[in-house]
Amino acid sequence: MTAAKTKSVKMNFSALYSYIINTNYRSLSGVMGIVISVGSLVCALIFWTKFAVSTKIMLILVALLFTVINPLMLAFKAFQQLKLSPSYKKPIDYTFTDDGITISQGDVSTTLTWKQICRLMLTKQMLAIYTSRIHAFVIPVSELGEDGPKILTSVVQFTSQYNPKLSNSLKRYQSGKGM
């Protein structure tokens, strides 16, 4: 990277929602919720004529619970968090250097060395940089601008010696082909 790249990032709804959905549905409980919803729907369709109206309603509600209702509730949660959380009111500055990432907002600043990063997840909307199993810095991909592919390649290559878990969408940046 040689020259430091600083990006001033303002969180947006699509990046935050993408992070929340990925966090909820990539866990065992999220997968089990989908299985229960699909199973309920299949059961309702197969035995539709054999069930009473109240049973049909319950099966439809369970089918909708993890596939429609929960994502809508998570969208509302993301919207509320974006509007009410003071940490999303001001932009966050990310400075990418050969030594790590400096994250600053106002007077508060912290530096992550590359070896502190244990997981990287990229979706179309966001890059999540995990420093623990549950703590992540979320950067909207749209905020990276033209430097996005270079920054992603640098982050993947600088962390590669520490073997962080990479999402499949980041694999192409390992060899530098993502630029």
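Biologist: In what sense do E5 and E6 pair, and over how many bridges?

Modeller: E5 and E6 pair in the antiparallel sense over 4 bridges. Two strands pair if DSSP finds at least two bridges between them. Helices (H or I, at least four residues) and strands (E, at least two) are DSSP runs, numbered from the N terminus. This is a predicted model: local features need pLDDT of at least 70, side-chain atom pairs count only at pLDDT 80 or more, and totals for chains, interfaces and linings use all residues. Residues are numbered from 1 along each chain as its sequence is written, and side-chain values use heavy atoms, with hydrogens and water left out.

Biologist: Which residue in E6 is the bridge partner of Met121?

Modeller: Ala128. A hairpin of 3 residues joins E5 to E6.

Biologist: And how many bridges do E6 and E7 pair over?

Modeller: They pair over 5 bridges, in the antiparallel sense. Ile129 is opposite Phe137 in E7. The hairpin from E6 to E7 has 5 residues.

Biologist: How many residues of E6 are buried?

Modeller: 5 of its 5. Buried means under 20% relative accessible area, exposed over 50%, partly exposed in between (1.4 Å probe, protein chains only). Met126, Ala128 and Tyr130 are on one side of E6, Leu127 and Ile129 on the other.

Biologist: Switching to the largest nonpolar core. Which residues touch the most other members?

Modeller: Tyr94, Phe96, Ile101, Leu120, Ile139 and Leu170, out of 23 residues. A nonpolar core is a set of buried Ala, Val, Leu, Ile, Met, Phe, Trp, Tyr and Cys residues joined through side-chain atoms within 4.5 Å.

Biologist: Which element gives the largest share of this core?

Modeller: H4, with 4 residues. A second, separate core has 16 residues, including Ile20, Met126, Tyr130 and Val138.

Biologist: Now the helices. Which residues of H2 are buried?

Modeller: Gly30, Gly33, Ser37, Ser40 and Ala44. They cover an arc of only 90° around the axis, so they sit on the same side of H2. The arc is that of the directions from the helix axis to the C-beta atoms.

Biologist: What's exposed on the face turned away from that side?

Modeller: Leu28 and Ile46.

Biologist: What covers the buried residues of H2?

Modeller: H1 and H3 are among the elements that do, with contact meaning heavy atoms within 4.5 Å.

Biologist: Where is the kink in H3 centred?

Modeller: On Leu65, and the kink is about 65°. The bend at a residue is the angle between axes fitted to the seven residues ending there and the seven starting there.
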